[in-house]
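Please read them alongside the coordinates.

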Amino acid sequence: MHRTFALVAALSIVATGAQAQRAWQTEVGVQGGYTRIVAAGLGADPTDIIGLPGFNLGPLLPASPGVYAIIPWKDKIAVDLDFGVSQLNPGGTSLTLFQLSARGDYAVTKKVYAGAGAGIGYVETGGTSETQLGLQAAVGYRLGLSNSLRGNVEFRTTFWGNTENVGAIDTYALLFRVGAAPHRSAAPSRRASTARAGGAWTPVLGVAAGYASIHAVGGGDVSAIAFPGYGAGLGNVVGPEITLPPTLFAILPIGRKIAIEPGVDLHRTQASGTTSFLGNLSGRLNYAVHGGWYAAAGVNLNYAKQSGASAATRTGANVAWGYRFPFWGALGGRVELNYSMYRPNTDLATPATNIVGLMFGTTMSLR
């Protein structure tokens, strides 16, 4: 009898390990949610940030970055990475920002996981640089969303150490993650052939990154390179006129040649009793010209609400020319040149704004 129980227990352990191993898949995706930032030991009010997707400025604003990757390692363990990198040039001043977190995730069950690891943040401006190190712990729950999409709900905390010019910071985050589990199969080549032959659209969810130059009519210029894109996230830091194309987008076919592309990113910041909310929305029609080439045109809307002030909006229009291509399994990519124009708004004290962007996009199949 004892031997029977021992054999059953051993088989259960082996089965659990095999099940967990099958559950871990290579996954690349986008994340966002709620982050609380606390200056450790200072007794200052915390800063609460809600971002869709996450918005990060390295050690200056160490909220959770907007993109992540999960790489299976062995048995119940996977490597979990998230990162954000950008360079901002406001008024001729260069600012380089970087944050990377790396940890090991352990599959407690097929759905529940726990992780621990470390992070590094970097900021450089005017020849002066600062590197900040941190420790991270997380627990999460995994779920399937579609044949290709995976979801994770995760709570994490990161403790960033004290440096010469940056104080110790503790962050607590509740995140929702959506990613694609690419796989090697014949599907990518079939999609590639379809795109070359007729340029048919397929439904996808995407995240944008790249370069944008912002010109405020009668004012100054700001340029930025960011992965993932800033979207309207900078508006809470610099001003609502500093808006890049929406970070998240979806492509929804309405015909072989035509697709609707909505875009969005949402950012809410609360600190010392002051709340600022920015919504960045766009909608456009995409037309498949030939193969992977496409043209697009549409409209933009920015919504802003700050404590003590009425809500206000500004409207605009956009055009784009781009090329899309299959990448790996459920993942695809695109590169496009786009141009956006915003009307002035007296309530927001924003002038007319022109934005030229060279943007890259990573897409995940919704099927």
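**Cavities and their linings**

1. In the second largest cavity, strand 4 (77-90) and strand 11 (221-227) each supply at least two residues of the lining. Strand 4 gives the most, with 4 residues. The model is a predicted one.

2. The space in this second largest cavity comes to about 100 Å³. Its lining is made up of 17 residues, and those closest to the centre are N56, G84, F227, P228 and Y230.

3. Sorted by class, the lining of the second largest cavity has 10 nonpolar and 7 polar residues, and no charged residues.

4. The structure as a whole holds 5 cavities of 30 Å³ or more.

5. Which strands each supply at least two residues of the lining of the largest cavity? They are strand 12 (248-253), strand 13 (258-271), strand 14 (274-290), strand 17 (331-342) and strand 18 (353-365). Strand 17 gives the most to this lining, with 4 residues.

6. The lining of the largest cavity divides by class into 7 nonpolar, 8 polar and 4 charged residues. For the second largest cavity, by contrast, the lining has no charged residues.

Terms used:
Residues are numbered from 1 along each chain as its sequence is written. This is a predicted model: local features need pLDDT of at least 70, side-chain atom pairs count only at pLDDT 80 or more; totals for chains, interfaces and linings use all residues. Side-chain values use heavy atoms; hydrogens and water are left out. On a 1 Å grid over the protein atoms alone, a cavity is a set of points where a 1.4 Å probe fits but cannot get out, and a pocket is an open set with protein on both sides within 12 Å along at least five of seven lines; lining residues have an atom within 4 Å of a point. Grid points are joined across faces, edges and corners, and a volume is the space filled by probe spheres set on the points. Ala, Val, Leu, Ile, Met, Phe, Trp, Tyr, Cys and Pro count as nonpolar, Asp, Glu, Lys and Arg as charged, and the others, Gly among them, as polar.
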